[in-house]
Amino acid sequence: MKRIFDIVISFTALIILSGIIGVTALLIWIKIGSPVIFKQKRPGLRGEPFHVYKFRTMTNERDRDGELLPDEVRLTAFGRLVRKLSLDEFPQLWNVFKGDMSFVGPRPLLMEYLPLYNEHQARRHEVRPGITGWAQVNGRNAISWEQKFDYDVWYVDNQSFWLDIKILFMTVFKVFKSEGINQTGQATMTKFTGTPSASDRGKEYVK
């Protein structure tokens, strides 16, 4: 049922939202430049890599040594608006349609994080990653990495079609309130460097 839901709704959404997607792409091309789509390899189900697609929100400005400037410098005012409205996530509808992702599941993070997860945290890859998830509606980037991973694993253990529907409705509410988009003092969130204790499973953050 989950996969059928993903296929039908992502295909329908791509058609209905095609106008908004097209206008957003045009404005990004004008205000930020090309490429309009940001593509990056991320771990999916069982940690298998796939390319995730997002609308670009940052410039490619570099320092004298050719290194990219910090995210908070490269994130433009228009890019902040695109993130606030979650428009940058729209290209991931294609990922959902293809089967790389689901509408609901743990967010796909960076490939470099894979060896940093402890056994408990690595369980987040037992399901397909999602555009939104239990962690996103319970703090998003405003909570710690450990809290976020506990929410992800809780979802893995308690997933159901009706829980997915609940998360989708909660996501719409969160988007309108623009909650948890950034970590305090950061453009998005600091990088994950591993949990101090490999045996620290933390609490299960259940609501």
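**Helices, hairpin and backbone in a predicted model**

Trainee: Between which two elements does the loop that holds Pro-35 lie?
Mentor: The model is predicted. Helix H2 covers residues 18–31, and strand S1 covers residues 37–43. Pro-35 lies in the loop between H2 and S1.

Trainee: Is the peptide bond that joins Ser-34 and Pro-35 cis or trans?
Mentor: Most residues other than glycine have a negative phi, and most peptide bonds are trans. For the bond between Ser-34 and Pro-35, omega is about 0°. The bond joining Ser-34 and Pro-35 is cis.

Trainee: Which face of H2 is covered, and what does the covering include?
Mentor: The buried residues of H2 are Ile-21, Thr-24 and Ile-28. Seen down the helix axis, they fall within an arc of 65°, so they line one face of H2. Trp-29 and Ile-30, on the other side, are exposed. What covers the buried residues includes helix H1 (2–16), S2 and helix H4 (77–84).

Trainee: How does the reach of H2 stand against the expected value, and what is that value?
Mentor: H2 has 14 residues, and the expectation is taken at 1.5 Å a residue. From its first C-alpha to its last, H2 reaches 20 Å, close to the expected 20 Å.

Trainee: What percentage of residues 7–30 is helix?
Mentor: In the UniProt record, an unreviewed entry, residues 7–30 carry the annotation "transmembrane region". In the model, the end C-alpha atoms of this stretch are 32 Å apart.

Trainee: In what sense do S1 and S2 pair, and over how many bridges?
Mentor: S1 and strand S2 (residues 49–55) form a hairpin with five residues between them. Across the pair, Lys-41 stands opposite His-51, and Lys-39 stands opposite Tyr-53. The pairing is antiparallel, over seven bridges.

Trainee: Is Arg-46 buried or exposed?
Mentor: Arg-46 is found in the loop between S1 and S2. Its phi is positive, about 60°, although the residue is not a glycine. Its relative accessibility is 65%, and because the cut-off for this class is over 50%, Arg-46 counts as exposed.

Trainee: Is Ser-86, which also has a positive phi, buried or exposed?
Mentor: Ser-86 is found in the loop between H4 and helix H5 (92–98), and its phi is about 60°. The relative accessible area of Ser-86 is 12%, and because the cut-off for this class is under 20%, Ser-86 is buried.

Trainee: Which elements do the buried residues of H8 pack against?
Mentor: Helix H8 (residues 161–177) has 17 residues and reaches 25 Å from its first C-alpha to its last. Leu-163, Asp-164, Ile-165, Ile-167 and Thr-171 are buried in H8. These buried residues pack against H1, strand S3 (102–104), strand S4 (130–132) and helix H7 (145–158).

Trainee: Where does pLDDT stay under 50?
Mentor: The mean pLDDT of the protein is 87, and 89% of its residues reach 70 or more. Where pLDDT is low, the predicted coordinates should not be read in detail. One such stretch has nine contacts beyond four places in sequence, and pLDDT stays under 50 there, over residues 183–187. Another has 16 contacts beyond near neighbours in sequence, with pLDDT below 50 over residues 198–207.

Methods:
Residues are numbered from 1 along each chain as its sequence is written. This is a predicted model: local features need pLDDT of at least 70, side-chain atom pairs count only at pLDDT 80 or more; totals for chains, interfaces and linings use all residues. Side-chain values use heavy atoms; hydrogens and water are left out. UniProt positions are given in the numbering used here, feature names are shortened, and annotations may be inferred rather than shown by experiment. Helices (H or I, at least four residues) and strands (E, at least two) are DSSP runs, numbered from the N terminus. pLDDT is the predictor's confidence in each residue, from 0 to 100. Contact means heavy atoms within 4.5 Å. Two strands pair if DSSP finds at least two bridges between them. The expected span of a helix is 1.5 Å times one less than its number of residues. Buried means under 20% relative accessible area, exposed over 50%, partly exposed in between (1.4 Å probe, protein chains only). The arc is that of the directions from the helix axis to the C-beta atoms.
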